[in-house]
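Open the model in your viewer and keep the selection panel at hand.

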Amino acid sequence: MKRDRFVSSAAVALAGTMFLNTQVAAQILRIGEMNTQQIRALDLAKTVVLIPGGILEEHGPYLPSYADGYADDAYTRELAKAIVARPGWTVVVFPQIPLGNDPANTIGRKTVFPGSYPVRMATLRAIYMDLATELGDQGVRWIFLVHNHGAPNNHKALNQASDYFHDVYGGTMVHLFGLKPVFMCCGSKEKVLSAKQLAEEGFSVHAGADEQSQLLFLRPEFVPENYRSAPSLTGANFADLVRMAKGEGWPGYFGAPRLATAALGALEFTRSSENLNTMALQILDGLDFRKVPRFVDEMDPLNVLGETAELKHEKVIEQRELDWLKRNKIE
């Protein structure tokens, strides 16, 4: 008799969970699957458009080039669920945009590197400004960009597109990872790695133990087993990273990928995702995101110098393209 009651209660609980999950799924829509009538029916005052990004960028021999994109996709899924947990809110998710600016290989002034396929900063900004225009003209009020690539010019392009939407349409478009409290979270390595391991990891901004761990947690099928024997490239500051990245045969990463664990990745992703969600919900509640410090405004000056060199290179590319168009009388 007790067993019968237990089974009955468990069935009711399961049915309730399935109902809630169905409700949540119904409030998370994908723009590519919607028709005109469905789009027109949206309550735009309580609809958030999420645009996940991600750069195709070399991550050395132990991670896929779209490592950022896989992470951004996961962050977007969790953010969507957090938003629609609020009664009456709907999320519309755009197809992921696999474009970004200034991959890590430019730290060593290497403008060509297998696995990196960036677009110019001006191109990236124009893409997001164009989307902002189309969404703004259709009355959208809330847009969150989810793009965790850390290069300064990438941040600037997304910040500027967001400011354009705010100034022209009066709505809210935020590059969430561009906000310093979001981008600088969460320091999980210090909670998991020993002092000796932290010293080995050193100052790392790309494809080290933390990023390796994140992919081990999110998409382990893309991580080869030989990462466990990866030589460590330990630097103390950004100048050390520039020196290493300029070297012949630089493999495309910094730090100590061999120290990565799925447990560290799970901790870092969970804490970072919760922090991202909290910021987004605060913005929906009226927080003025323009008063929140932006990460790019406080970058290491050496990194800024590298960005200047990259912009000069992009001007050369732009002129080459314009010259071809002119020769072929294409306007």
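Select Ala209, Glu211, Gln212, Ser213, Gln214, Leu215, Leu216 and Leu218: these are the buried residues of helix H9. Buried means under 20% relative accessible area, with a 1.4 Å probe and protein chains only. Helices are DSSP runs of H or I, at least four residues, and strands are runs of E, at least two, numbered from the N terminus. Eight of the ten residues of H9 (209–218) are buried, so the rest of the structure largely encloses this helix.

This is a predicted model: local features need pLDDT of at least 70, side-chain atom pairs count only at pLDDT 80 or more, and totals for chains, interfaces and linings use all residues. Residues are numbered from 1 along each chain as its sequence is written, and side-chain values use heavy atoms, without hydrogens and water.

Now show the cover. It includes H3 (67–84), H8 (195–201) and H11 (262–284).

Keep H3 and H9. They pack at about 60°, axes 10 Å apart; the axes are lines fitted to C-alpha atoms over the stretch in contact, and angles run from 0 to 180 degrees between N-to-C directions. Colour the contact (heavy atoms within 4.5 Å): Ala67, Asp68, Tyr70, Ala71, Ala74 and Tyr75 of H3 meet Glu211, Gln214, Leu215 and Leu218 of H9.

Last, pick Thr47 in strand S2 (residues 47–52). Is Thr47 buried or exposed? At 2% relative accessibility, Thr47 counts as buried. The Thr47 side chain reaches the backbone oxygen of Asp43 at 2.7 Å.

Technical notes. Buried < 20%, exposed > 50% of the residue type's maximum accessible area, 1.4 Å probe, protein only. Polar contact = N/O pair within 3.5 Å; in protein donor to acceptor, adjacent residues only side chain to side chain.
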